[in-house]
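These are my notebook entries on one structure. I set down what I looked up, entry by entry.

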Amino acid sequence: MKPLKGFPFSQSMAAICAMAAAFTLAPGSAAAQEKKAVEAVPERAGAYPAPARNGEGVGPFRKMVIRGVTLIDGSGAPPRGPVDIVIENNVIADIKPAGTPGLPLKEGREPRDFDYELDATGMFMTPGFIDMHVHGSSADKAPDLSYSYKLWLAHGVTTVRGVDLAPFEISLSERARSARNEIVAPRIFVYQRPGQGNGWTGGRANTPKKVREWIRWAAKQGIDGIKISANEDQPPEVLVAITDEAKKLNLGTVAHISQVGVARMSALEFGRAGLGTVTHYYGHFESMLKNGAIQNWPVDYNYMDEQDRFGNVANLAAESAEPGSEQWWDYLKEQKANNVTFDPTMTIYVAGRDLMRLRNADWHDKYTMPQLWQFYQSSRVNHGSYFFDWTTEIEVKWKNFYHKFMRLLNDYKTIGGRVTTGSDSGFIYQPYGFGYIQELELLQEAGFNPSQVITAATLNGALTLYEPKGQPVPPIGTVRVGKLADLVILKENPLQNLKTLYGTGALRLNEQTQQLERVGGVSYTVKDGIVYDAKKLLADVADMVRAEKRRMGMPEEGLPHP
């Protein structure tokens, strides 16, 4: 038997057998469970580079004009329009009034010496979205990285921060290929973990001296920043060395503060050490526990059992300081003073408060790869597939946790702290792109008004990516003259309904026909001045998914449900 395209033989067989089992063995049977356990894939897998662009998209052009659009520029300014956006090569050259709202637009507007004209009359434009926490589609989830790239672009995501995107060398190569527009992919920022890289010969980066050596080596290879875990190799003295050396070399830092290390280095202590971004929820509530620095772990708790790990996180809501208390505000004010960015990634854990909804989301049957679907199923091996016996009690705790976490984020935003948007998709029933839009919805639920959500998704991300590089005025993140042409064009107003950003759109009753219709979805995504038809990107993904199902001998429509 030949391996699947892009898959080592062992992984091909595992994927085929696992999916075949879903159809041939009774769901939940002992045999099915045993087979699933034996054939589970490793937690971290490699990734395969995306194929060449091969003429997809149009541009960049010497001069392109986007006509008659209503502009939401990402800065927090109110929408304005109609305007014409003039782009020369890959730079916004002018934003010109195109007429008066409510009146017909004047024909034949300047400039006329364009090479490409896009009629966006009645449509809306935002800056390209920035996903600040991504991992690319790895070999256990899709044939190659183009699966995640196209889903991101189809949802308006023009820039991603990989933490990590893929193995060290592949991440750097894919960033360069994207920058040259040789592949259909967002702009890529490469953040890697200490010790990674085939060219690194210094061993484990688990002392201040070793980690500084690795950072200097990795900076020469061209990374943009460092992903920190606070794991067993990273005690406080190593973590302080990381943030210090990174600042010296103009590298960004982002920390997923694991429970293994948070008792000795909370988010507050990280902020004092110069950390750039706290991602996820880890470290915030541990910075203001009522009973000291150590969470009250259940006596039978085991961090390596992921239902224990994630099921008990929500206990932090009851163990930490109350919203509005002196300790609460002291924490937020000090983090703001230390210029710490919060990247909450609420979307990746939202299944914890409503598993059934996420498992049955609109997009899975058509756009979720069968390998990715199999990865999501409860597994003792696959990271994030921890719903072994998820109960109403756990979901209620998670609902309460989200209520408090959202209050924290909204209060931080209110005092001027920076909040960004990241998805961490590819785990826990969250496909790429779709999970990102859900993060925008969750920020609105937290109390951000829609314009603040768009700013979090655009300008705030750009500032966080470029400031460590010594560029306080980023070239992306807003639609302004002189900025790069990373844009999102939509028929529906995202400020009116963020749901219309999903690739599957939103349901709306047609009052004339009294029939439900799907409306919305991104129409065009412009990255580096190249115009991509977002609907075509989604169709490409749907074709990829069907092809994988055929290769595995599965029905092309739908997915197996346990």
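**Entry 1: a salt bridge of Arg518**

With which residue does Arg518 form a salt bridge? I looked this up in what is a predicted model, and the partner is Asp362, with the closest N and O atoms 3.1 Å apart. I placed Arg518 in strand β15 and Asp362 in the loop between α12 (355–359) and α13 (364–367), so the pair ties together parts that are 156 residues apart in sequence. I recorded Arg518 as partly exposed, because its relative accessibility is 46%.

Leu516 counts as exposed, because its relative accessibility of 57% is over the 50% cut-off. I found that Leu516 forms a nonpolar patch on the surface with Leu507 and Leu509. The accessible area of the three together is about 290 Å².

**Entry 2: overall form**

I then turned to the whole protein and noted 19 helices and 17 strands. Of the 562 residues, 59% count as buried.

**Entry 3: further salt bridges**

How many salt bridges does a search of the whole structure find? I recorded 40. Among them is the one in which the side chains of Arg62 and Asp115 meet, at 3.2 Å from N to O. This pair links distant parts of the chain, with Arg62 in strand β1 (residues 61–71) and Asp115 in the loop between β3 (91–97) and β4 (116–119), 53 residues apart. Arg62 is partly exposed at 45% relative accessibility, and Asp115 is partly exposed at 43%.

I also looked up Arg551 and Glu548, whose side chains meet in a salt bridge at 2.2 Å, N to O. Both lie in helix α19 (residues 534–551), 3 residues apart, about one turn of the helix. Arg551 counts as partly exposed at 40% relative accessibility, whereas Glu548 counts as buried at 1%.

Finally for this entry, I noted a network of salt bridges that links Arg67, Asp84, Arg109, Arg112 and Glu117.

**Entry 4: aromatic pairs**

I counted 38 aromatic pairs in the structure. Why is the pair of Tyr349 and Trp398 stacked? The ring centres are 6.3 Å apart and the planes stand at 20°, which is under the 30 degrees required for stacking. Tyr349 lies in helix α11 (residues 346–349) and Trp398 in helix α15 (residues 392–414), so that 49 residues separate them and the pair links distant parts of the chain. I recorded both Tyr349 and Trp398 as buried.

The rings of Trp373 and Tyr376 have their centres 6.3 Å apart and their planes at 80°, so I listed this pair as edge-to-face. Trp373 and Tyr376 are separated by about one helical turn, because they are 3 residues apart in helix α14 (residues 370–376). Trp373 is buried with a relative accessible area of 0%, and Tyr376 is buried with 1%.

**Entry 5: charges over rings**

Over which ring does the charged end of Lys141 sit? I found the ring of Phe375, with the charged end 4.4 Å from its centre. The charged end of Arg161 sits over the ring of Tyr191, 5.1 Å from its centre.

Technical notes:
Residues are numbered from 1 along each chain as its sequence is written. This is a predicted model: local features need pLDDT of at least 70, side-chain atom pairs count only at pLDDT 80 or more; totals for chains, interfaces and linings use all residues. Side-chain values use heavy atoms; hydrogens and water are left out. Patches are made of residues with over 30% relative accessible area and no salt bridge: like charges are joined within 9 Å, nonpolar side chains (Val, Leu, Ile, Met, Phe, Trp, Tyr) within 5 Å. Accessible areas come from the Shrake-Rupley method with a 1.4 Å probe; for residues, only the protein chains shown count as cover. A salt bridge is a side-chain nitrogen of Lys or Arg within 4 Å of a carboxyl oxygen of Asp or Glu. Buried means under 20% relative accessible area, exposed over 50%, partly exposed in between (1.4 Å probe, protein chains only). Rings of Phe, Tyr and Trp (its six-membered ring) pair if their centres lie within 6.5 Å; planes under 30 degrees apart count as stacked, over 60 as edge-to-face and the rest as tilted. Helices (H or I, at least four residues) and strands (E, at least two) are DSSP runs, numbered from the N terminus. A charge sits over a ring if NZ of Lys or CZ of Arg is within 6 Å of the ring centre and within 35 degrees of the ring normal.
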